[in-house]
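Please keep the view open beside the text as you read.

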Amino acid sequence: MANNSENHIIPPLDLRHQQVTRYICPLREGGSLPGLAEADDGFKYVVKFRGAGHGAKALVAELIGGEIARALGMRVPEIVFLNVDEAFGRTEGDEEIQDLLKASRGLNLGLHYLSGAMTFDPVVNDVSDHEASMTVWLDAFITNVDRTVRNTNMLIWNRELWLIDHGATLYFHHSWSGWEKAMLSPFPYIKDHTLLKFASRLDEADATARQLLTDDKIRSIVNSVPDEWVTHEGSDATPDEIKNVYISFLTTRLANSHIFLNEAKNARQALV
């Protein structure tokens, strides 16, 4: 997993740490099985558990993808670190959930629960061409395969568009082989993006994103990922070495944004 980047000392983001005090309920069926829980600050969070689905890699993608979206000026629920202690979940009656909580002891990831939010529907809800263009650009950049009509992963809260669920981004890290090729991918899956037909300002979105996403901002986001989440099976690579791969992927992809930008523009032209 060699790369030529050196992870200079850039402070991580100042993300809060809280303790999970009460598991409320699962939010949906599926491999990831996120849950609604309450923390010791009295707030409710959508919890992404490290013991579910793709494990810590989904949490890494959630944090990096979500904070890149925030850096671009998009609305994302606050991301916090949530600790699940050894005793938590012993009284849970559902055996599957109890196993999930046991496998998730330690540091997990939570997103502030937007009470009363509604799922975004492109037929019913309006979206500006700016927001649509920034969202399409973002998802082409971080290779997000999960913002389609079948599953928009967007909410309307207080009449505003909010982005959620970035755990399916950066999918190169499920294999690691060929990540150098992946960072220059045009990302053809953008043709299925639910907002593509509204994204009429992609060139402006590219210019804005390239200005906002400095190398130091990308490093700060990646350096926020806990070391215990960044492991590569079958490799003796250190957490810093693995983080350098993410940094190299993102900075190189940003420097060559014309590759995925042109793919998105061509896909939209074919659509409209």
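1. Helices (H or I, at least four residues) and strands (E, at least two) are DSSP runs, numbered from the N terminus. Y171 counts as partly exposed because its relative accessibility is 34%; buried means under 20% relative accessible area, exposed over 50%, and partly exposed in between (1.4 Å probe, protein chains only).

2. Before going on, a word on the model: it is predicted, local features need pLDDT of at least 70, side-chain atom pairs count only at pLDDT 80 or more, and totals for chains, interfaces and linings use all residues. Residues are numbered from 1 along each chain as its sequence is written, and side-chain values use heavy atoms, with hydrogens and water left out.

3. Together with V145 and Y189, Y171 makes a nonpolar surface patch of about 280 Å². Patches are made of residues with over 30% relative accessible area and no salt bridge, where like charges are joined within 9 Å and nonpolar side chains (Val, Leu, Ile, Met, Phe, Trp, Tyr) within 5 Å. Accessible areas come from the Shrake-Rupley method with a 1.4 Å probe, and for residues only the protein chains shown count as cover.

4. Next, have a look at helix 7, residues 239-255. Its 17 residues reach 24 Å from the first C-alpha to the last, close to the 24 Å expected at 1.5 Å a residue; the expected span is 1.5 Å times one less than the number of residues. Helix 7 is mostly covered, with 12 of its 17 residues buried. Among them are I242, Y246, F249 and R253.

5. What do the buried residues of helix 7 pack against? Their partners are helix 1 (56-71), helix 3 (129-141), helix 4 (179-182), helix 5 (202-212), helix 6 (215-223) and helix 8 (257-271).

6. Side chains of opposite charge can pair when their charged atoms come close. Taking a salt bridge as a side-chain nitrogen of Lys or Arg within 4 Å of a carboxyl oxygen of Asp or Glu, the count comes to 15. One network of salt bridges links R16, D41 and E78.

7. R22 and E38 form a salt bridge, with their closest N and O atoms 3.4 Å apart. Because R22 lies in strand 1 (residues 17-26) and E38 in strand 2 (residues 35-39), the pair ties together parts that are 16 residues apart in sequence. R22 is partly exposed, at 39% relative accessible area.

8. E160 and R75 also meet through their side chains in a salt bridge (3.4 Å, N to O). E160 is in strand 8 and R75 in the loop between helix 1 and strand 4 (79-84), so this pair ties together parts 85 residues apart in sequence. E160 is partly exposed at 32%, and R75 is partly exposed at 28%.

9. Are D139 and R147 buried or exposed? D139 is buried, with a relative accessible area of 0%, and R147 is buried at 1%. These two form a salt bridge whose closest N and O atoms are 2.9 Å apart.

10. Finally, two residues from the start of the chain. D14 sits in the segment before strand 1 and is exposed, at 78%; its C-alpha is separated by 9.7 Å from that of S220, 206 residues apart along the chain. Q18 lies in strand 1 and counts as buried at 15% relative accessibility. Leaving aside neighbours within four places in sequence, Q18 is in contact (heavy atoms within 4.5 Å) with residues including A39, Y45 and F81.
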